[in-house]
Amino acid sequence: MDDSQRSERSSDLGDESHLSPEESLALIEAQREKAARSLYVAPALILAVWGVAWLVGFGALYLTSHRGLGGALPAPLVTSVFLLLFAVAAVVSFGEQVRRGRGVSGPSRRSAALYGWSWLLAFVGLIALDLALENEGLPPRLATLLWPGSSLLVVGLLYLAGGMLWEDRRQYWLGVWVLITGAASVAAGVPGNFAVLSLAGGGGFLIGAAVALAGDRRPQPARP
Amino acid sequence: MIGKRALPDLDAVIHAQGRLRVTVALSVLPPGDSVTFPRLQDLVGMTAGNLSTHLRKLEDAGYITISKAYRRRTPVTFVTLTGAGRLAFEEYTAALRVLLAPRDHGSDQEDL
């Protein structure tokens, strides 16, 4: 403690000697970029992973459900691929959140944790509801419409909530798009619903990923 | 030349490479959030000794708070940017922009 003043002075000389306002501003930009890259979830990656899962997963389901193409793909294989793709996407999303939040605590992490629990709880509720309807004798044809349709309602609402929570308009609009896709898929009937989910749903995510990627690359406008 | 005369206007606590790095990294976190010492070290790319020195000075200025907690019996050090620290950093960047702005403000007035 006694030599703290001496070391203070020497280190001040050490790192203040050549810092002009220009260099200072450049250092701020570089450090901000570095910290943001490490702390913020990369939306393009997450959206792309979900986009591929929807496009390929629901696309494969469409091909098996379609009468004309049904023989081409065995149903157990398609179901396995579908579940695997969605599991990978969920792990990537969750992993990103955990990795970025490592060592950070406080109000924003508490919100993020509650938001994460909201996904889990919402899907537990949804599965309970849909299973109960099946037990009550819901015809398989309607169950095929109900499961993805109700899932999209939940997903869309949670994206709306995420958009509100992080003041993220793009996420909010993605939520709106997912709600529309969900309703349209039920309206399309079986197996058209899978085509809607694959193309409109997966396509929506992939467009979102492209928009996020373009936003990252675009140079920040210089402030006066 | 302009820089030398204007430097005294810049907050001396923040206007030093190491402390500026730390302040910027903390300002990227949402207000009120804390970060552990090792994660902060990661964000700014500094040795532990170097970072400790800078943190002490920022704490003395009231720009950050340092708190210790136990997580699974291991002591963890948390660093938080205070409201005063966030404000000081905003004023510091504002001062930089003033210093770097062209001397006569004719162009600004034309814009209005």
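Colleague: Is A:Leu213 buried, exposed or partly exposed?
Modeller: In this predicted model, A:Leu213 belongs to helix α8 of chain A, residues 192-217. A residue needs 20 or more other C-beta atoms within 10 Å to be buried, and 12 or fewer to be exposed. A:Leu213 has 16 such atoms, so the class is partly exposed.

Colleague: What separates the C-alpha atoms of A:Leu213 and A:Leu45?
Modeller: Along the chain, A:Leu213 and A:Leu45 are 168 residues apart. A:Leu45 is one of the α3(A) residues that make the contact with α4(A). The C-alpha atoms of A:Leu213 and A:Leu45 are separated by 8.7 Å.

Colleague: Are α3(A) and α4(A) roughly parallel or antiparallel to each other?
Modeller: Helix α3 of chain A spans residues 43-65 and helix α4 of chain A residues 75-101; their axes are 9 Å apart. The packing angle is about 170°, and angles over 145 degrees count as roughly antiparallel. The two helices are therefore roughly antiparallel.

Colleague: By class, how many nonpolar residues has the contact of α3(A) with α4(A)?
Modeller: From α3(A) the contact takes residues including A:Ile46, A:Trp50 and A:Leu61, and from α4(A) residues including A:Phe82, A:Leu85 and A:Ser93. Three residues of this contact are polar and one is charged. The nonpolar residues number 18.

Colleague: Is A:Ser93 buried, exposed or partly exposed?
Modeller: A:Ser93 lies in helix α4 of chain A, and its C-alpha atom is separated by 22 Å from that of A:Trp147, 54 residues apart along the chain. The count of other C-beta atoms within 10 Å of A:Ser93 is 18, so the residue is partly exposed.

Colleague: Leaving aside neighbours within four places in sequence, which residues are in contact with A:Tyr115?
Modeller: A:Tyr115 is in helix α5 of chain A, residues 107-135. With 15 other C-beta atoms within 10 Å, A:Tyr115 is partly exposed. Its C-alpha atom and that of A:Pro74 are separated by 37 Å. Leaving aside the sequence neighbours, the contacts of A:Tyr115 are A:Gly162 and A:Leu165.

Colleague: How many helices does chain A have, and how many strands?
Modeller: From the N terminus on, the elements of chain A run α-α-α-α-β-α-α-α-α. The secondary structure of chain A therefore comes to eight helices and one strand.

Colleague: In β1(B), which residue is the bridge partner of A:Val104?
Modeller: Strand β1 of chain A, residues 104-105, is joined to β1(B) by two bridges, and the two strands run antiparallel. One bridge pairs A:Ser105 with B:Ser34. The partner of A:Val104 is B:Val35.

Colleague: Which strands stand at the edges of the sheet?
Modeller: The sheet is open, with four strands in the order β1(A)-β1(B)-β3(B)-β2(B) and antiparallel pairing. An edge strand has a single partner, so one side is left without a neighbour in the sheet. The edge strands are β1 of chain A and β2 of chain B.

Colleague: At what angle to β1(B) does α3(B) run?
Modeller: α3(B) lies across β1 of chain A together with β1 and β3 of chain B. Relative to β1(B), the angle is about 90°.

Colleague: Which element of chain B gives the most to the side that touches chain A?
Modeller: In the interface, 27 residues of chain B are in contact with 28 residues of chain A. α2, β1, α3, α4 and α5 of chain B each supply at least two residues of the chain B side. That side has 14 nonpolar, nine polar and four charged residues. With seven residues, the element that gives the most is α2(B).

Colleague: Which element gives the most to the largest nonpolar core?
Modeller: The core has 27 residues, and B:Ala25, B:Leu26 and B:Leu40 are among those with the most contacts inside it. α2 of chain A together with α2, α3, α4 and β3 of chain B each supply at least two of its residues. With six residues, the element that gives the most is α2(B).

Colleague: Leaving aside neighbours within four places in sequence, which residues of chain A are in contact with B:Ala25?
Modeller: In chain B, the contacts of B:Ala25 are B:Leu40, B:Leu43 and B:Val44. From chain A, they are A:Gln31 and A:Ala35.

Conventions:
Residues are numbered from 1 along each chain as its sequence is written. Chains are lettered from A and ligands numbered from 1 in the order in which they are written. This is a predicted model: local features need pLDDT of at least 70, side-chain atom pairs count only at pLDDT 80 or more; totals for chains, interfaces and linings use all residues. Two residues are in contact if their C-beta atoms, placed from the backbone, lie within 7 Å. Ala, Val, Leu, Ile, Met, Phe, Trp, Tyr, Cys and Pro count as nonpolar, Asp, Glu, Lys and Arg as charged, and the others, Gly among them, as polar. Two strands pair if DSSP finds at least two bridges between them. A nonpolar core is a set of buried Ala, Val, Leu, Ile, Met, Phe, Trp, Tyr and Cys residues joined through C-beta atoms within 7 Å. Axes are lines fitted to C-alpha atoms, for helices over the stretch in contact, and angles run from 0 to 180 degrees between N-to-C directions. Angles under 35 degrees count as roughly parallel, over 145 as roughly antiparallel, 65 to 115 as roughly perpendicular and the rest as oblique.
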